[in-house]
Amino acid sequence: MIFLDNLVNGISLGSIYAIIALGYTMVYGIAKMLNFAHGDVIMMGAYIAFCALQYWNMPPLVSLVIAMAACTVMGVVIEGLAYRPLRQAASLAVLITAIGMSYLLQNLALMIWGANPKSFPASMISIPTISLFGGELKIAGATLITIVANIVIMIALTAFTSRTKTGKAMRCVSEDRGAASLMGINVNQTISITFAIGSALAAVAGILLCSSYPTLQPTTGSMPGIKAFTAAVFGGIGSIPGAMLGGLLLGVIEIFGKAYISTELGDAIVFAVLIIVLLVKPSGLLGKPVREKV
Amino acid sequence: MTRAKRNRLIYNCVTFAVVIIAFIVLQGMIENKTITRALKGQLIPICCWIVMAVSLNLVIGISGELSLGHAGFMSVGAFTGAVISGWLLNAHGMENETLRLVLAIVGGGITAGITGVIIGIPVLRLRGDYLAIVTLAFGEIIRNLVNVTYIAVADGHLVFSFLKKNVPDGARMLVDGASGAVKISKISTFTMGFILVMVTLIVVLNLINSRSGRAIKAIRDNRIAAESMGVPVTKYKMMAFVTASVLAGMVGALYGLNSSTVVPSQFTFNQSINVLVFVVLGGLGNVLGSVISATLLTVLPEVLRAFADYRMLVYAVVLILVMIFTNNPTIRSFADRLLAPVKKLFGGRRSDKGGAQA
Amino acid sequence: MTEVKRHSTTKMVPVPSHSIVPERDLGQQPVLETNHLGIEFGGLKAVEDFNLTIGKTEIAGLIGPNGAGKTTVFNLITKVYEPTNGTVLINGKDTKGMNIVQASRLGIARTFQNIRLFSNMTVEDNVRIGLHNQIRYSMMEGILRLPRYWTKEKRMHREALDLLSIFDMQDLADVQAGSLPYGAQRRLEIVRALATNPSLLLLDEPAAGMNPHETEELMENIIKIRDQFQIAILLIEHDMNLVMGICEGICVLNYGKIIAKGTADDIQNNPVVVEAYLGKRKEEAK
């Protein structure tokens with residue numbers, strides 16, 4: 001049963017990575033930039049939800065909505081103020097700005113909430129632990145919700161991008177920004193919407209992350225952000241199913257690596273697998289290799 | 001001498017002059033005891049970050065590859081340096097600090113260089129963003145590996161163990177897993193820091209202005225064209241990458257031997273990102289720029305200490321504002337028009353634009 | 001097609017691979033020989049059964065409508081693509097399995113349809129890249145500024161200026177390549193390719209964007225280059241004055257296949273070629 005235990009935990013952790021990775025991959029695919037601050041938006045989402053639950057005594061669902069709303073606003077504002085002026089600039093310049101934004105958010109959180117780790121209330125997830133196989137396998141409520149949330153989000157996003165007008169606009173902008181604007185698509189608006197969705201998802205990811213791993217500090221979003229970015233690249237950056245696949249695989253590999261090989265080397269194993277996969281498939285698992293015209 | 005060659009010569013001379021003059025001035029302040037304690041403590045770190053920034057600029061600015069794991073090479077150098085120095089002292093009773101320092105630095109450079117080759121071979125085949133994430137991954141792997149490495153001196157020789165601390169009783173620990181390098185005897189000097197900066201400048205500036213440097217830049221500008229002219233891409237990308245890793249390793253040893261303890265968590269991707277910021281703010285490919293930005297940005301957090309809690313916040317805001325102001329086309333062209341008379345003074349020959357520009 | 005003024009008057013003789021080479025090159029090894037060369041991209045045969053022999057000092061032309069596969073042929077010869085069928089022999093050596101750099105070392109150099117200069121480097125530095133394999137010294141000699149560095153760099157400077165003087169561009173040596181006007185950029189690409197000391201120079205639409213006067217100058221310069229360096233030149237062009245004026249052997253491509261090969265006279269009067277460019281005559285279409 002330990003194997004199944006680990007598998008479930010792996011899928012759960014992977015689901016969190018997948019949700020975060022979706023935010024990265026969408027923004028990369030459409031705005032062609034690496035939003036380094038994404039992990040920190042997650043952290044902010046978690047803190048806001050924490051405040052709502054703990055200090056303002058809001059019920060869990062309302063806290064979720066508040067956090068999502070706040071993060072959405074945050075994402076759109078960040079994009080408008082810091083990234084949009086650099087739309088034409090070299091990608092390295094935007095990356096550095098994103099890094100600056102990451103520092104900004106981390107230090108803002110530090111100022112507002114202090115450096116002491118907060119304990120995320122378990123009351124957020126009110127689903128009890130499920131017992132399977134006659135008590136042999138226990139799945140925590142948080143774990144279950146995470147996996148379900150991931151599936152729901154994945155389905156919703158896929159439907160959104162393929163069926164709705166905005167979704168199609170997003171795909172156009174990601175293919176050819178110039179042509180899209182010539183076709184009458186409002187590129188600025190489309191990119192803002194992308195950031196809005198990504199940030200809303202970040203809030204969800206933050207809450208799920210802290211429900212399973214209750215310690216919350218200003219640096220909480222940093223490492224999961226990096227790993228999720230790795231997952232997005234692993235699955236093929238710009239590909240939504242790739243982010244999902246990459247995230248899940250990464251979570252499973254991390255848990256299994258820590259369980260069966262070594263706890264300290266857990267991260268190293270994850271990164272090593274990434275490297276090996278990229279060597280074999282340089283554009284990621286589901287990525288499309290870009291042919292350069294000579 | 002052509003105008004381009006003369007401008008390059010002036011640039012190189014200014015770069016060396018700035019460093020030499022700074023060294024003489026600071027050394028004077030040390031002798032006269034007019035230097036503040038805070039600044040004195042910053043001298044060796046400044047040297048380290050200058051070397052890190054210039055060497056990373058070789059990879060990102062000249063070779064055009066976004067490497068996010070540069071701190072990993074620094075850490076390899078730091079721990080190798082600590083081991084070599086500790087071993088020479090405890091197993092061989094070598095009291096001469098300068099000699100130990102030099103050997104530690106050389107050792108740090110060599111191991112970092114070997115690491116650079118091992119990482120470079122797979123990594124440099126990848127495209128831009130993928131290369132970035134893989135270098136970051138390698139940096140984290142190195143950190144993880146040091147966390148589970150135990151090296152000690154017992155009875156005059158080195159004892160290595162991995163994952164489990166398997167050392168005989170009474171052994172003198174050199175590297176203690178997650179606790180890092182412990183009880184280091186601090187032998188780094190500002191003079192050595194200055195020497196390393198000069199070596200780095202000589203190596204990087206001379207490399208850039210040579211046949212190999214041109215090849216590296218050509219590959220950055222247009223890879224297919226460079227290949228079609230018979231320039232082997234992997235060879236020159238490796239050259240830039242490994243040279244940078246050797247320099248980072250050398251200065252890593254200096255950095256490590258400057259504190260009594262060095263822990264692996266000092267060399268996370270955050271550190272790599274810091275160096276990246278130095279490089280971009282100083283200007284990609286601009287060596288003098290890296291020297292200045294590394295110095296300023298190392299000193300700045302200390303200067304901002306007055307703001308205490310707000311200082312990192314201010315740093316972040318300033319960084320974002322600087323990026324927007326230097327990269328937004330509207331603001332850029334405004335600044336260009338302001339600076340036009342200045343540029344004309346130093347400007348190169350304008351081409352005869354008879355026809356339409358492509 | 002409209003009458004063009006000048007025709008190349010070289011006497012061409014046939015060789016076994018159904019190509020023609022200049023009579024003066026008959027005893028020498030052909031600089032290029034392709035046999036049944038072809039490439040498929042997922043079912044689409046971009047180039048098929050391409051057979052061409054080019055004499056040692058021949059100026060040859062490759063023409064055809066847009067999308068016929070001309071640049072693809074260049075990419076096959078220079079090993080940007082690995083062929084799926086057939087062989088390419090450069091100075092008699094089979095290029096199978098070689099990469100771009102190895103093929104280049106056999107003695108071919110090219111220019112590109114969409115100019116590929118090193119735009120952030122000076123004009124002279126662009127030419128020096130061409131000289132990369134001709135004038136060498138090691139990385140260490142460069143870093144330590146040993147005597148060899150100084151002598152070789154001096155030689156590179158002289159030779160770069162010499163090459164630039166072919167197009168009278170030596171005064172532009174310090175200009176940033178990216179800021180040159182379009183025509184100058186094209187000429188620089190040719191100089192850079194020449195610097196690699198090739199036996200075969202591949203020019204991809206060298207006259208694109210040039211006015212008639214510039215094209216005349218280019219025609220004279222190409223002949224001058226061939227005579228001075230005694231090399232072969234294969235060019236892709238749409239400008240028929242240039243092609244018919246200086247090309248000794250011409251190969252016509254359509255939909256990836258050769259539809260005609262011969263001298264300028266042969267090609268001009270070939271109905272298949274006319275049809276490929278202009279389409280069927282109206283009466284026949286009815």
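Helices (H or I, at least four residues) and strands (E, at least two) are DSSP runs, numbered from the N terminus. On that basis, chain A has 11 helices and 4 strands, while the secondary structure of chain B comes to 13 helices and 3 strands. The model is predicted, so that local features need pLDDT of at least 70 and side-chain atom pairs count only at pLDDT 80 or more, whereas totals for chains, interfaces and linings use all residues. Residues are numbered from 1 along each chain as its sequence is written, and chains are lettered from A, with ligands numbered from 1, in the order in which they are written.

**Chain A**

- Where pLDDT is low, the predicted coordinates should not be read in detail.
- A compact globule of 294 residues would have a radius of gyration near 19 Å, and chain A agrees with this at 19 Å; the radius is taken over C-alpha atoms, and the globule rule is 2.2 Å times the number of residues to the power 0.38.
- The C-alpha trace of chain A spans about 60 × 45 × 35 Å along its principal axes.
- Of the 294 residues in chain A, 52% are buried, a residue being buried if 20 or more other C-beta atoms, placed from the backbone, lie within 10 Å of its own.

- With 358 residues, chain B would as a compact globule have a radius of gyration near 21 Å, and its value of 22 Å agrees.
- Buried residues make up 49% of the 358 residues in chain B.
- The contact takes 34 residues from chain B and 39 residues from chain C, where two residues are in contact if their C-beta atoms, placed from the backbone, lie within 7 Å.
- On the side of chain B that touches chain C, helices H1 (3-31), H6 (190-208), H7 (211-221) and H8 (223-228) of chain B each supply at least two residues, and the largest share, 7 residues, comes from H7(B).
- That side of chain B divides into 14 nonpolar, 12 polar and 8 charged residues; Ala, Val, Leu, Ile, Met, Phe, Trp, Tyr, Cys and Pro count as nonpolar, Asp, Glu, Lys and Arg as charged, and the others, Gly among them, as polar.

**Sheets of chain C**

- In chain C, 6 strands form an open sheet of mixed pairing in the order S8-S9-S10-S5-S11-S12, two strands being paired if DSSP finds at least two bridges between them.
- Strands S8 (108-110) and S12 (257-262) of chain C stand at the edges of this sheet, each with a single partner strand, so one side of each is left without a neighbour in the sheet.
- Strand S11 (residues 249-254) of chain C pairs with S12(C) in the antiparallel sense over 5 bridges, and C:Val252 has C:Ala260 in S12(C) as its bridge partner.
- An open sheet of 4 strands in chain C, with antiparallel pairing, has the order S4-S3-S6-S7.
- Strands S3 (residues 32-41) and S6 (residues 85-90) of chain C run antiparallel and are joined by 5 bridges, with C:Asn85 in S6(C) as the bridge partner of C:Gly38.

Definitions and conventions. Buried ≥ 20, exposed ≤ 12 C-beta atoms within 10 Å, placed from the backbone.
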